Amino acid sequence: MRAFVLTAPGVGAVQDVPPPQAAPGEAVVDVERVGICGTDMEFFTGEMSYLHDGHARFPMRLGHEWSGTVTALGAGVDPAWLGRRVMGDTMLGDGTCRRCLRGHQHVCEQREEVGIRGGRPGALAEQLAVPATSLHHLPDAVDPVLGALVEPGGNAWRAAQAAGMGAGDRALILGPGTIGLLTAMFARAAGAEVHLLGRTPESLEFARSIGFEHAWTEDQLPDLPYDAVIDASNAAPLPARALDLVEPAGRLVYIGLAGSPSLIDTRRLALKDVTAVGILSASPGLEDTIAAYAAGVVDPRPLVAATVGLDQAGSVLAGTPTTGAGPKVHIDPRLRGTP
Ligand SMILES: [Zn+2]
């Protein structure tokens, strides 16, 4: 089968590789859509921290935001999975340690992450094998595009939950990328007035085009009480700025990661009586995200700027702009050549 293999920083190509076999407890999925995210691009540049602390090494097969259909099962897997449309949890805890047993498998020390950590091949391929326990069934209303947006959506759903947004609340989201915009969608669906802070005119114009009229640069940001501030950026100074901007007794959510330490003054946190929450993964939010997409509570499909084949994966990972507007590019491994 065809798979995109990253062999060194900036060096990757589609290769013919052996198709995955369904090991005991695992399922093989025919991949229909894969999203490319910032983590993937950090692997492409070689900056991703896992490459430097031993959790990942080249050659790698990326891809952790995916949807597809189950086509083969290993021993011990419920046959009902065969033929089902699914997405999968990126985080694969060992299932045996204290954290896993307490329901926190997404922070298991020994975990693999699909397409990210521990050598577990990702979804930038025609097929993918994953543990059946990591699968989530997609209802008919969640098409393959939505299915591949469940993973980033689960992160954003958790961020919006952590912000505690409801009617009458005002949220400020720093960073109008995929996670920021998805979080904005969930916060808006919860009834909040949503503001977005961004740097480039293009990103703010895109936010406005999908209905977020309160999209500001730092200079334009109105001086309003923000009940929650969510940092979905990769800018090291913004976590401290978020603490400055949040209302006393409000909530701070940190989901963005900068390339260098981003410090906050905890005296300010205490004196403002602020609750701060960090979010790593989508795992605890996947089912709620699928339900929200299925019910039409949020529809993130406009975030997808383009859908291309595996042959263009390297170009997408290198950050080559697409013709469409929006922060997300999808790969459809069934497409050949230029679509
Ligand atoms: Zn564990």
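Mentor: The model is a predicted one, and the part to look at is helix H8, which spans residues 238–245. Leu238, Pro239, Ala242, Leu243 and Leu245 of this helix are buried. Viewed down the axis of H8, these buried residues fall within an arc of 165 degrees, so they line one face of the helix.

Now the wider chain. The protein chain holds 11 helices and 17 strands. Of its 339 residues, 51% are buried. Among contacts between residues at least 6 apart in sequence, 68% join residues at least 24 apart. The C-alpha atoms fill a box of roughly 55 × 45 × 40 Å along the principal axes. For 339 residues, a compact globule would have a radius of gyration near 20 Å, and the chain agrees with this because its own value is 20 Å.

Last, the open space. Rolling a probe the size of a water molecule over the atoms shows where empty space is left. The second largest pocket holds about 160 Å³. It is lined by 14 residues, of which Arg57, Pro59, Met60, Gly119 and Arg120 are the closest to its centre. By type, the lining of this pocket divides into five nonpolar, five polar and four charged residues.

Notes
Residues are numbered from 1 along each chain as its sequence is written. This is a predicted model: local features need pLDDT of at least 70, side-chain atom pairs count only at pLDDT 80 or more; totals for chains, interfaces and linings use all residues. Side-chain values use heavy atoms; hydrogens and water are left out. Buried means under 20% relative accessible area, exposed over 50%, partly exposed in between (1.4 Å probe, protein chains only). Helices (H or I, at least four residues) and strands (E, at least two) are DSSP runs, numbered from the N terminus. The arc is that of the directions from the helix axis to the C-beta atoms. On a 1 Å grid over the protein atoms alone, a cavity is a set of points where a 1.4 Å probe fits but cannot get out, and a pocket is an open set with protein on both sides within 12 Å along at least five of seven lines; lining residues have an atom within 4 Å of a point. Grid points are joined across faces, edges and corners, and a volume is the space filled by probe spheres set on the points. Ala, Val, Leu, Ile, Met, Phe, Trp, Tyr, Cys and Pro count as nonpolar, Asp, Glu, Lys and Arg as charged, and the others, Gly among them, as polar. The radius of gyration is taken over C-alpha atoms; the globule rule is 2.2 Å times the number of residues to the power 0.38. Contact means heavy atoms within 4.5 Å.
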